[in-house]
There are 2 protein chains.
Amino acid sequence: MSSDGFLLPLRLFVGFRQLIDGVHAELAREGHPELRPLHGFVFQAIGLDGTTAVELGRRLGVSKQAAGKTLDGLERLGYVERTTDPQDARRKLVKLTDRGVQVLIRSAQIFDELRAEWAARIGPDRLSELEQDLVTVTGAEAFRLDVPGWFGS
Amino acid sequence: MSSDGFLLPLRLFVGFRQLIDGVHAELAREGHPELRPLHGFVFQAIGLDGTTAVELGRRLGVSKQAAGKTLDGLERLGYVERTTDPQDARRKLVKLTDRGVQVLIRSAQIFDELRAEWAARIGPDRLSELEQDLVTVTGAEAFRLDVPGWFGS
DNA sequence: CTAAGATGGTCAACGTGGTTGTCCAAAACG
DNA sequence: CGTTTTGGACAACCACGTTGACCATCTTAG
C-alpha cells in the first residue's frame with residue numbers, strides 16, 4: 001500500500017482546515033458569523049495600512065475584478081471602507097474599519113491559542129520543528145487566494 | 001508580532017497545494033491535462049471497488065447531487081463508468097475505467113516521489129515526525145470535498 | 001399482500017467565486 | 001502636447017455546491 005505519499009497532503013489539508021474552522025467558529029461566537037475562511041486572508045492582505053483593489057489582487061494571486069468583488073462583500077458587511085486617494089484620483093484606498101481591525105487582531109490571537117493547543121498535544125519543540133520543516137520544504141511561495149477555481153474543475 | 005500562529009495554517013496550505021500541484025503537473029505531462037486537484041480525491045474515494053453517487057457524496061462530505069455532477073464530468077472524460085446494479089435497479093454502480101485505475105496508481109506513485117523529495121530536503125526522520133504529529137493533532141477527521149463552497153463566501 | 005416509508009438518482013433553480021473582455025478616467029511618460 | 005499605462009467598474013460566462021422537488025424502486029410494517 002503506497003498510501004504513505006497520500007497521507008501527507010491529506011493531513012496537511014485537514015490540519016489547515018481545522019485551524020481555519022477553529023478561528024471562524026470562535027469569530028462567529030464573538031459576533032462575526034458572516035465571515036468566511038477566505039476573509040481572514042483578505043484581512044491579512046489588506047493589513048493595517050490598507051491597499052487598493054489591484055494591489056490586493058496581486059497579493060492574493062487573483063484578478064483585480066475578483067479582489068474587487070470580495071471587497072464589495074466586505075464593505076457591505078462593514079469590515080472595510082473605500083476612500084479616494086487625494087494624490088491619485090484613480091485609486092481608491094481600501095482600509096479596514098475599526099470592526100475590521102478588531103477581527104484582524106482577534107484572529108491573530110485565536111490562531112495563537114490554537115497553535116498553543118497543538119503545542120500542548122505534540123510538544124512545543126516538535127511543533128517548532130514542524131513549522132520550520134514546512135518552511136524549508138515549501139520555500140517562499142506566497143498564498144494564492146484562488147482556491148475555489150483552483151481546486152474545482 | 002503574533003504572526004507565529006498565522007504562519008502555521010499558511011504553511012500547511014502551501015505544502016498541501018504544492019503537493020497537489022506537483023501531482024497534477026506530472027499527470028498533465030503524462031496525458032491527463034484535464035484532471036483537476038479535486039479529481040484525485042474523488043478517484044481515491046471511488047477506489048478499486050467502485051461505489052454509488054450517494055455513497056461517494058457521503059465519503060466526500062458533499063451532497064449526492066454534487067457528487068453526481070462531478071461523476072458526470074469524470075464520465076465524460078472517460079475515467080469512470082456507470083453500470084446498473086442487477087440486485088437493485090435504483091442503484092448505479094460507479095467504477096473506475098482502466099484509464100481511471102491507471103491514474104489512481106500513478107497518482108500514488110507520484111505522491112510517493114514527491115514525499116521522497118521532501119524527505120531528501122528535511123530528512124526522512126523529520127518527515128516521519130511531521131506526519132506523525134499531524135495525525136496526532138488532527139485526529140481521525142475525514143477529508144471534505146466541499147472546498148469551493150467552504151472557502152468562499 | 002398491500003400500503004407507507006426509505007433510498008438512489010436526476011432535473012431545475014439559485015448563489016457565490018473567479019475569469020476574460022471591454023471601457024473609461026486619471027496619471028505617467030515620450 | 002499626444003500616447004501609453006494604470007486603477008476601477010461593468011458584463012457575460014463557466015464551474016461548483018446547495019436546496020427543493022420528483023420519480024422509480026426497494027423495504028418494511030400492518
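**Reading buried rings and crossing helices**

Me: At 0% relative accessibility, does F16(B) count as buried or exposed?

Reply: F16(B) counts as buried because its relative accessibility is 0%, the term meaning under 20% relative accessible area, with exposed over 50% and partly exposed in between (1.4 Å probe, protein chains only). This is a predicted model, in which local features need pLDDT of at least 70 and side-chain atom pairs count only at pLDDT 80 or more, while totals for chains, interfaces and linings use all residues. Residues are numbered from 1 along each chain as its sequence is written, chains are lettered from A and ligands numbered from 1 in the order in which they are written, and side-chain values use heavy atoms, with hydrogens and water left out.

Me: How many aromatic pairs are there over all chains?

Reply: A pair of aromatic rings is described by the distance of the centres and the angle of the planes. Rings of Phe, Tyr and Trp (its six-membered ring) pair if their centres lie within 6.5 Å, and planes under 30 degrees apart count as stacked, over 60 as edge-to-face and the rest as tilted. The count over all chains is 21. F111(A) and F6(B) are edge-to-face because their planes stand at 85 degrees, with centres 5.4 Å apart. This pair crosses between chains, from helix α5 (residues 98-122) of chain A to helix α1 (residues 3-29) of chain B, helices being DSSP runs (H or I, at least four residues) numbered from the N terminus. Both F111(A) and F6(B) are buried.

Me: Which kind of pair do F16(B) and F41(B) form?

Reply: Their pair is tilted, at 6.3 Å centre to centre and 35 degrees between the planes. It links F16(B) in helix α1 with F41(B) in helix α2 (residues 37-46) of chain B, 25 residues apart.

Terms used: Helices (H or I, at least four residues) and strands (E, at least two) are DSSP runs, numbered from the N terminus.
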